[in-house]
Amino acid sequence: MTVAPTGSITANRERLASYHTYQEAQKTVDYLSDHGFPVQGTLIVGVGLRSVEHVVARMTYLRAAGWGALSGAWFGLLIGLFFGIFATAAASMVALVLWGLLGGAVAGAIFGLIAHAAHGGRRDFVSETGLVADKYEVLVDSEHAARAHELLGKANEQWRKQ
């Protein structure tokens, strides 16, 4: 976990540009870096953050069992490989791995079904959550702002020609 320094992280920084997408801001910082600008103090700041949850599917008992089986299979595979290390014959190692995989998948499917049923109809959907910003600002150290504006002017000329 990164701990923010005391004081405002944006202190002693000037706004170089503002963009509608993160990719545009990233392109600017990449351009500055490619042209020798000291980017280690540069910030890309998302302004106007919103949490967005995109619903991608309905959670059914079949889907809950499937996701549970997949996660259980991974765990079972890990356990099977661990015990397989101590096997004396290759065939017994393969058998341990396969039994671990199968046992993990069955246990995971059962657990997935129980967990889904325990929700009692609440949260019957699968979603992806993310943060979205209204705009992205590129901030540079005040001592390097003049050089950054000069480079950005040249970059804008090049990008307009493309």
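Colleague: Which helix gives the most to the nonpolar patch?

Modeller: This is a predicted model. Within it, helix H2, residues 61–84, gives the most to the nonpolar patch, with 5 residues. The patch lies on the surface and is formed by Phe-75, Leu-78, Ile-79, Phe-82, Phe-83, Ile-85, Phe-86 and Leu-96, which together have about 850 Å² of accessible area.

Colleague: Why is Leu-96 called partly exposed?

Modeller: Leu-96 has a relative accessibility of 36%. Partly exposed covers what falls between buried, under 20%, and exposed, over 50%; therefore Leu-96 counts as partly exposed. Its place is in helix H3, residues 90–118.

Colleague: His-116 also lies in helix H3. What makes His-116 buried?

Modeller: The relative accessible area of His-116 is 10%. Buried means under 20%, so His-116 is buried. Beyond its neighbours within four places in sequence, His-116 is in contact with Met-59, Thr-60, Tyr-61, Ala-64 and Asp-124.

Colleague: Which residues touch the most other members of the largest nonpolar core?

Modeller: That core has 17 residues, and those touching the most other members are Leu-16, Tyr-19, Phe-37, Val-138, Val-140 and Leu-152. Two or more residues each come from strand S1 (13–19), helix H1 (22–34), strand S5 (135–141) and helix H4 (145–161). H4 supplies the largest share, 5 residues.

Colleague: What is in contact with Phe-37, leaving aside its neighbours within four places in sequence?

Modeller: Phe-37 is in contact with Leu-32, Thr-42, Val-140, His-144, Arg-147, Ala-148 and Leu-151. Another core, of 5 residues, lies apart from the largest one and includes Ala-65, Ala-73, Ala-105 and Ala-109.

Conventions
Residues numbered from 1 in each chain as written. Predicted model: local features only at pLDDT ≥ 70, side-chain atom pairs only at ≥ 80, totals over all residues. Heavy atoms only, no water. Patch = residues over 30% accessible without salt bridge, like charges linked within 9 Å, V, L, I, M, F, W, Y side chains within 5 Å. Areas by Shrake-Rupley, 256 points an atom, 1.4 Å probe, with all protein chains shown as cover. Salt bridge = Lys/Arg side-chain N within 4 Å of Asp/Glu carboxyl O. Helix = DSSP H or I, 4+ residues; strand = E, 2+ residues; numbered from the N terminus. Buried < 20%, exposed > 50% of the residue type's maximum accessible area, 1.4 Å probe, protein only. Contact = heavy atoms within 4.5 Å. Core = buried A, V, L, I, M, F, W, Y, C linked by side-chain atoms within 4.5 Å.
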